[in-house]
Amino acid sequence: LEQWQMRQVAAGLARRQDLIGMAASHDPDTDRKVFEEIVEGALEASGSAEGRRAGTTLHRFTEQHDLGTVKLDQIPPPYRARVEQYRDKLAADGVQVHPQWVEQIFALDAYTIAGTADRIVTLADGRRVIADLKTGKTVDFGALEFAIQLAVYANHDATFDQTTGRRGKPVPDVDRSIGLIIH
């Protein structure tokens, strides 16, 4: 992801002479805010920021759908079709989403890390697994990162409640041998 973002910044800079001029006239060590503006401008120029926002929006609509807080007819048409595809594919494959385990923070104490799992789902064969949604154009280059991410979530020691700042509800039992990437 970091390499992709750097490529997007380079592509965006090639389209924006004003950003190149800003970079040439400022010191990256002392003018960090200026360089943050340059990077954001380059990402916008590359079009990647638009894709990122669209992915975040789709992710949020699937979350709201799974929680039952939004109906399909309340979702704007371009996103509605994608949420319908998501819903229909899960149903066709017999995958059940557990609303109580949507966007759950898990901590893995041994490595002092935590992360937010998108879903815990039950597969058609009855196994409960960690599932993560990916909304990018491709998932071709992320297999190792995805495996690490799902392994951290599946091997968690505790949940974490952001509202209280403490460990949360009891840890759900999940299959640690597999995970599900929903693209």
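Trainee: At 23% relative accessibility, what does Y79 count as?
Mentor: Happy to start there, with a word on the model: it is predicted, so local features need pLDDT of at least 70 and side-chain atom pairs pLDDT 80 or more, while totals for chains, interfaces and linings use all residues. Residues are numbered from 1 along each chain as its sequence is written, and side-chain values use heavy atoms, leaving out hydrogens and water. Buried means under 20% relative accessible area, exposed over 50%, and partly exposed in between (1.4 Å probe, protein chains only). At 23%, Y79 therefore counts as partly exposed.

Trainee: How many aromatic pairs are there by the ring rule?
Mentor: Rings of Phe, Tyr and Trp (its six-membered ring) pair if their centres lie within 6.5 Å; planes under 30 degrees apart are stacked, over 60 edge-to-face, and the rest tilted. By this rule the count comes to one.

Trainee: And how is the pair of F61 and Y79 arranged?
Mentor: Their ring centres are 5.7 Å apart and the planes make 50 degrees, so by the cut-offs the pair is tilted.

Trainee: How many residues apart in sequence are the parts that this pair ties together?
Mentor: Helices (H or I, at least four residues) and strands (E, at least two) are DSSP runs, numbered from the N terminus. F61 lies in helix α4 and Y79 in helix α5 (residues 77–92), so the distance in sequence is 18 residues.

Trainee: How are α3 and α4 oriented to each other?
Mentor: Axes are lines fitted to C-alpha atoms, for helices over the stretch in contact, with angles from 0 to 180 degrees between N-to-C directions. Under 35 degrees counts as roughly parallel, over 145 as roughly antiparallel, 65 to 115 as roughly perpendicular and the rest as oblique. Helix α3 (residues 32–46) and helix α4 (residues 48–67) pack at about 80 degrees, with their axes 4 Å apart. That makes α3, relative to α4, roughly perpendicular.

Trainee: Which ring does the charged end of K169 sit over?
Mentor: The rule asks for NZ of Lys or CZ of Arg within 6 Å of the ring centre and within 35 degrees of the ring normal. The end of K169 is 4.6 Å from the centre of the ring of W101.

Trainee: Where is T112 found?
Mentor: T112 has a positive phi near 50 degrees without being a glycine. At 72% relative accessibility, T112 is exposed. It is found in the loop between β2 and β3 (113–117).
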